[in-house]
Amino acid sequence: MSSRILLVEDEPGLRLTLSDRLTMQGYEVIEAADGESGWRKGLEDGVHLVVLDVGMPRLDGFEVLRRWRAASIETPVLM
């Protein structure tokens, strides 16, 4: 079973590149294109790591992280 990484990035080209690279390394990548959808996907079980962009539409990365921590989501986050 591979580790699941949530990639929250609003730039399509960067999201595609990072997703491809992580997948080639054997990770299962879940993608979100904005902070709101990333926040919702981060509430799901089974995410082992989050790669979180800071500057995004709808919710920025700092607010997404604040909401996860307030909901006791302790998944490691790389910003």
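**Entry 1: loop residues**

I started at arginine 58, which counts as exposed at 62% relative accessibility. My cut-offs are under 20% relative accessible area for buried, over 50% for exposed and partly exposed in between, with a 1.4 Å probe and protein chains only. This is a predicted model, so I take local features only at pLDDT of at least 70 and side-chain atom pairs only at pLDDT 80 or more, while totals for chains, interfaces and linings use all residues. Residues are numbered from 1 along each chain as its sequence is written, and side-chain values use heavy atoms, with hydrogens and water left out.

Arginine 58 sits in the loop between E3 and H3. Helices here are DSSP runs of H or I with at least four residues, strands are runs of E with at least two, and both are numbered from the N terminus. The phi of arginine 58 is near 75 degrees, positive in a residue other than glycine. Most residues other than glycine have a negative phi, so I went looking for other cases.

Serine 72 turned up, with a positive phi of about 65 degrees although it is not a glycine. I find serine 72 in the loop between H3 and E4, and at 58% relative accessibility it counts as exposed. Alanine 71 lies in the loop between H3 and E4 as well. Alanine 71 is partly exposed, with a relative accessible area of 40%. I also checked alanine 71 against valine 50: they are 21 residues apart along the chain, and their C-alpha atoms are separated by 16 Å.

**Entry 2: the sheet**

Next I traced the strands. I get 4 of them in an open sheet, in the order E2-E1-E3-E4, with parallel pairing. Two strands pair if DSSP finds at least two bridges between them. Strands E2 (28-32) and E4 (77-78) stand at the edges with a single partner strand each, so one side of each has no neighbour in the sheet.

E3 (residues 49-52) pairs with E4 in the parallel sense over 2 bridges, and valine 50 stands opposite valine 77 in E4. Helix H3 (residues 61-70) packs on this sheet and touches E1 (4-8), E3 and E4. The direction of H3 makes about 155 degrees with that of E3; axes are lines fitted to C-alpha atoms, for helices over the stretch in contact, and angles run from 0 to 180 degrees between N-to-C directions.

E1 and E2 run parallel, joined by 5 bridges, and isoleucine 5 stands opposite valine 29 in E2. E1 is mostly covered, with 4 of its 5 residues buried.

**Entry 3: helix H1**

I checked the length of H1 (residues 12-24). At 1.5 Å a residue its 13 residues should span 18 Å, and the end C-alpha atoms are 18 Å apart, which agrees. The expected span is 1.5 Å times one less than the number of residues.

Which residues of H1 are buried? I find Arg15, Ser19 and Leu22. They cover an arc of only 70 degrees around the axis, which puts them on the same side of H1; the arc is that of the directions from the helix axis to the C-beta atoms. The buried residues of H1 pack against E1 and E2, contact meaning heavy atoms within 4.5 Å. On the other side of H1, Leu16, Arg21 and Met24 are exposed. Just after H1, glycine 26 takes a positive phi of about 100 degrees.

**Entry 4: helix H3**

I ran the burial check on H3 too. Gly61, Val64, Leu65 and Trp68 are buried. Seen down the axis, the buried residues of H3 fall within an arc of 95 degrees, so they line one face of the helix. What covers them includes E1, helix H2 (35-42), E3 and E4. The face of H3 turned away from its buried side carries the exposed residues Arg66 and Ala70.

**Entry 5: cores**

A nonpolar core is a set of buried Ala, Val, Leu, Ile, Met, Phe, Trp, Tyr and Cys residues joined through side-chain atoms within 4.5 Å. The largest has 13 residues, and those with the most contacts inside it are Leu6, Val8, Val47, Val50, Leu52, Val64 and Trp68. E1, E2, E3 and H3 are the elements giving two or more residues to this core, and H3 gives the most, with 3 residues. I also see a second, separate core of 5 residues, including Ile5, Leu7, Leu22 and Val29.

Leaving aside neighbours within four places in sequence, I listed contacts of valine 8: among them are Ala32, Asp34, Val50, Leu52 and Met56.
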